[in-house]
Amino acid sequence: MNAPTSMGMAGRFGGAFGRVLQRRGSSSAPSLDLTHNIILYVEGVTVSFDGFRALNDLSLYVAPGELRCIIGPNGAGKTTMMDVITGKTRPDTGSVWFGQTLDLLTLGEPEIAQAGIGRKFQKPTVFSEHSVFENLELAMAGDKSVWKMLFARLTPEQLTRIDEVLETIGLKDHRSARAGSLSHGQKQWLEIGMLLMQDPALLLVDEPVAGMTPQETERTAELLTSLAGKHSVVVVEHDMNFVRSIARTVTVLHQGSVLAEGTIDEVQNDPKVIEVYLGEPRC
Amino acid sequence: MSTAAEPAAPRPAFKPAPPTPYQVMMREDRPSGVFLTVLAIVTLLVPILHLAVPEGHVLHLSGYTVTLIGKYMCYALLAVAVDLIWGYCGILSLGHTAFFALGGYAMGMYLMRQIGTRGVYGDPVLPDFMVFLNWKELPWFWHGMDVFPFAMLMVLFAPGLLAGVFGWLAFRSRVTGVYLSIITQALTYALLLAFFRNEMGFGGNNGLTDFKDLLGFDLKHPETRIVLFMATAVALGAGYFTCRAIVRSRFGRVVQAIRDAESRARFIGYRVENYKLWLFTFSAMLAGVAGALYVPQVGIINPGEFAPINSIEVVIWVAVGGRGTLYGAVVGAIMVNYAKTVMTDALPDAWLYVLGALFVVVTLFLPRGVVGLLPDLKHKLQTLRQRRARAIST
Ligand SMILES: Nc1ncnc2c1ncn2[C@@H]1O[C@H](COP(=O)(O)OP(=O)(O)O)[C@@H](O)[C@H]1O
Ligand SMILES: [Mg+2]
């Protein structure tokens, strides 16, 4: 019942985005090895903050091209999980691998980003003093060393690419606007645009539709759906209608570990899930 | 009808000349263009007024004034260095005069070795203070300092090395904000104490002084004074221009992105600590150059230059002028130092209070400094006018 809708959306998304996807280039990690058809391994990860276990023996696997939704009540550990994957927080135990060969626990945030994992924060974070265009320029995939940046010039291809992303995120008319002056929803979009410029193999998206209007939410759903396939996408979201509109597999997190996993209907009918999460008034 | 079908008359093949880099700068970044123009005029005018206009004439500039302007330009260069890291990268260094002083000491060591047998004790190798301390040999780090190019290399190397090591340790462990500022204060204070000690070999409490000549030219001569003045002006212009190029490059945009959202910059793949390290080291070297030009003009360098208060003063210059605009740093350095020159003549004890008050006023009422005042006022007037126009039309 959901499938035709989402396909329709992806279709409607059409030209601009398709072209953006085709430009996926040399940027993602050369050593990303997907031979076992798993792009992300999170195994037995535990994180404690002063004795409180934010993640408790969490295990999760994501396949290449998959669109995965993670749901769970506030404080379930969803953001902490993203922090672990992107190198911000080091777990006490467990392992996190990107493909077969990259041990993410040995890499820092910039290395992980350069290896091909992009992240959108829960609170939209853009470079507020820079223009929309410059935000996208800075996020662009490629060598980000000091010397390269001192003498970097935009090539015509890169300019076209930025224009395409501007079109995709609907900020074409705000190209030279200060990013700090955008509305909340537009900032969310800009951050998603920065992810696109980064062109990562795996996207981690934390609560993308918080504070968006229903129309904006719908457009975000279209965008994320169209991203899956070429990219793997992990979305954390509270909005159940939104989750229903995009997700094929849903993982329910509770008190730092996986409570249930399956299609949206399966998890919604799971008694454990109903008890801890779906029974809550906010949903 | 028929005219429309006719082919359009060929346009005259007139092509306007492409704009010169100067024209481009005046269009895109007027304040910088104005500043560099004024600097060029001053650089050409001061020598004429000092050397060509006879003494006693109203337009004659005294040696004192020339040196004073030269000193201000050294301060301006130091302020630009501080603004580069504070205004553009959010690194509030409260120890930048340490780098200024190190550059100054490197120049001072060269000047000491130029004295030769003309010192009080007449030792051909050892500076007076070493003879006085009964030292028999030149300490290892004084070797080579009699060679001008080597000494100039040290002007860059000594502050650069200190900044590199300090920055490497601090940025790698992600020390930021107030903590970083406090360590920079500690750094300059530690150097102050160290340089006070006679055993360090930098002349202790008296520092290095009694300089005679530079590259064989007598420092007391008006011509030497003018050459030093012009060298300072060129250094300020070149330093300014380089900093401007840096902040306008993509590197500069990354640095400002780090200032505004450091973790965001990390998560899109920038090695933040490397960016900070390079910028900080470059800024320290620039401060070193300012110090090296300062010393032969004022004729002395002593540990007092490391005093923590001096570094705080530089930050106040930048804040007063307008943090985050390079010309603001220049304007602030010159304005505050001019005020200081006037004040210390009239009311020497009041200066620190005035400085403190200035900082409070600027922080509270002029977040964009003096150079932000004009655009802000213009904007206010404009909105006021618009509002009035709207009121009239309704
Ligand atoms: N840096 C931290 N220090 C202490 N506790 C933290 C920290 N980060 C997260 N937590 C705690 O860990 C739990 C999980 O947080 P989080 O991952 O943000 O949850 P979610 O994103 O699922 O709402 C919460 O109880 C939170 O208070
Ligand atoms: Mg969260």
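In the predicted model, the buried residues of helix H7(B) are covered by elements that include helix H5 (96-115), helix H8 (177-196) and helix H12 (272-298) of chain B. The residues of H7(B) that are buried are Ala151(B), Met154(B), Val155(B), Ala158(B), Pro159(B), Gly160(B), Ala163(B), Phe166(B), Gly167(B), Ala170(B) and Phe171(B). Helix H7(B) itself spans residues 148-172, a run of 25 residues, and its first and last C-alpha atoms are 35 Å apart, which is close to the 36 Å expected at 1.5 Å a residue. Just beyond the end of H7(B), Arg174(B) adopts a positive phi of about 55 degrees.

Chain A contains eleven helices and ten strands, and 47% of its 283 residues are buried. Among the contacts in chain A with a separation of 6 or more, 71% are accounted for by residues 24 or more positions apart.

One sheet of chain A is open and has six strands in the order S6-S7-S8-S3-S9-S10, with mixed pairing. Its edges are formed by strand S6 (117-120) and strand S10 (257-262) of chain A, each of which pairs on one side only, and the twist from one strand to the next averages 20 degrees. Within this sheet, strand S7 (residues 202-206) and strand S8 (residues 232-236) of chain A run parallel and are joined by five bridges, with Leu204(A) standing opposite Val234(A) in S8(A). Helix H7 (residues 184-198) of chain A packs on the sheet, where it touches S6 and S7 of chain A and its direction makes about 175 degrees with that of S6(A). Helix H8 (residues 214-227) of chain A likewise packs on the sheet, in this case touching strand S3 (67-71), S7 and S8 of chain A, and its direction makes about 145 degrees with that of S8(A).

A further open sheet of chain A has four strands in the order S2-S1-S4-S5, with antiparallel pairing; its edge strands, each pairing on one side only, are strand S2 (52-62) and strand S5 (102-103) of chain A. Strand S1 (residues 40-49) of chain A pairs with S2(A) in the antiparallel sense over seven bridges, and Phe49(A) stands opposite Phe52(A) in S2(A). Helix H2 (residues 78-85) of chain A lies across S1, S2 and strand S4 (93-98) of chain A, running at about 65 degrees to S2(A).

The loop between helix H1 (2-22) and S1 of chain A contains His36(A). This residue, His36(A), counts as exposed because 11 C-beta neighbours lie inside 10 Å, whereas a residue is classed as exposed with 12 or fewer. Although His36(A) and Val250(A) are 214 residues apart along the chain, their C-alpha atoms are separated by 21 Å.

Definitions and conventions:
Residues numbered from 1 in each chain as written. Chains lettered and ligands numbered in written order. Predicted model: local features only at pLDDT ≥ 70, side-chain atom pairs only at ≥ 80, totals over all residues. Helix = DSSP H or I, 4+ residues; strand = E, 2+ residues; numbered from the N terminus. Expected span 1.5 Å × (residues − 1). Buried ≥ 20, exposed ≤ 12 C-beta atoms within 10 Å, placed from the backbone. Contact = placed C-beta atoms within 7 Å. Pairing = 2+ DSSP bridges. Axes fitted to C-alpha atoms, helices over the stretch in contact; angles between N-to-C directions.
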